[in-house]
Amino acid sequence: FYQQAMAAASGLAEVTVKGLDPDSRAVVVNVHPKCTLLDVKQAVGDALDRPEVMELGRFVMMTPNEEVKDLLDTQKLGPRRNLLLEGIPLFPKSEERPAWTVENFNPKDEECLLETPRSIKAC
């Protein structure tokens, strides 16, 4: 509620973006009410630190007969405050870890995966 009040006070619209999967995570962004869907997509990419949202993501809508219809990026946001985004998962990028080497290998680390027969034999 606080976030909605702050968005309203600043003249911005709070838009909730979800994936098509009912269990998908929602991303809330604040944008100008007269912006385009492309601007909303940019805000989602910025919020998740995922620039690939611009290329891979596409806004869609569900029709009453459960068909998925694409929305053009050039469309204005208008009164929409809940959008569906398809084509990319809505979570931040995971930090890439360096490959395991003999120097940084910790046999007690539960996240360390042994993937080759040679490394399994060594244990």
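Colleague: What should I know before I start?

Modeller: The model is predicted, so local features need pLDDT of at least 70, side-chain atom pairs count only at pLDDT 80 or more, and totals for chains, interfaces and linings use all residues. Residues are numbered from 1 along each chain as its sequence is written, and side-chain values use heavy atoms, with hydrogens and water left out.

Colleague: How many helices and strands does the protein have?

Modeller: Helices (H or I, at least four residues) and strands (E, at least two) are DSSP runs, numbered from the N terminus. Here there are four helices and five strands. Along the sequence they follow the pattern α-β-β-α-α-β-β-β-α.

Colleague: In what order do the strands stand in the sheet?

Modeller: Two strands pair if DSSP finds at least two bridges between them. In this model the order is E2-E1-E5-E3-E4, in an open sheet with mixed pairing. Strand E2 (27-31) and strand E4 (68-70) are the edges; each has a single partner strand, so one side of each lacks a neighbour in the sheet. From one strand to the next, the twist averages 45°. For such angles, axes are lines fitted to C-alpha atoms, for helices over the stretch in contact, and angles run from 0 to 180 degrees between N-to-C directions.

Colleague: Which way do E1 and E3 run against E5?

Modeller: E1 and E5 run parallel, joined by three bridges. E3 (residues 58-62) and E5 (residues 82-86) run antiparallel, also with three bridges. Look at Leu84 in E5. Its bridge partners include Lys18 and Val60. Leu85 in E5 is the bridge partner of Phe59.

Colleague: Which residues of E5 are on its covered face?

Modeller: Leu83 and Leu85 are on the covered face. Asn82, Leu84 and Glu86 are on the uncovered one.

Colleague: Which strands does helix H2 lie across?

Modeller: Contact means heavy atoms within 4.5 Å. Helix H2 (residues 37-48) lies across strand E1 (13-18), E2, E3 and E5. H2 runs at about 125° to E2.

Colleague: Is Thr36 buried or exposed?

Modeller: Buried means under 20% relative accessible area, exposed over 50%, and partly exposed in between (1.4 Å probe, protein chains only). Thr36 has 16% relative accessibility, so it counts as buried. Thr36 sits in the loop between E2 and H2. Beyond its neighbours within four places in sequence, Thr36 contacts Asp73, Thr74, Gln75, Lys76 and Leu77. Buried residues make up 27% of the 123 residues in the protein.

Colleague: Which residues other than glycine have a positive phi?

Modeller: Asp49 is one of them, with phi near 55°. Asp49 lies in the loop between H2 and helix H3 (53-56), and is exposed at 58% relative accessibility. Glu66 is another, with phi of about 65°. Glu66 lies in the loop between E3 and E4, and is exposed at 60%.

Colleague: Which residues make the nonpolar surface patch?

Modeller: Accessible areas come from the Shrake-Rupley method with a 1.4 Å probe; for residues, only the protein chains shown count as cover. Like charges are joined within 9 Å, nonpolar side chains (Val, Leu, Ile, Met, Phe, Trp, Tyr) within 5 Å. Leu20, Met62 and Val68 make a nonpolar patch of about 210 Å². Met62 lies in strand E3 and is partly exposed, at 35%.

Technical notes: Patches are made of residues with over 30% relative accessible area and no salt bridge: like charges are joined within 9 Å, nonpolar side chains (Val, Leu, Ile, Met, Phe, Trp, Tyr) within 5 Å. A salt bridge is a side-chain nitrogen of Lys or Arg within 4 Å of a carboxyl oxygen of Asp or Glu.
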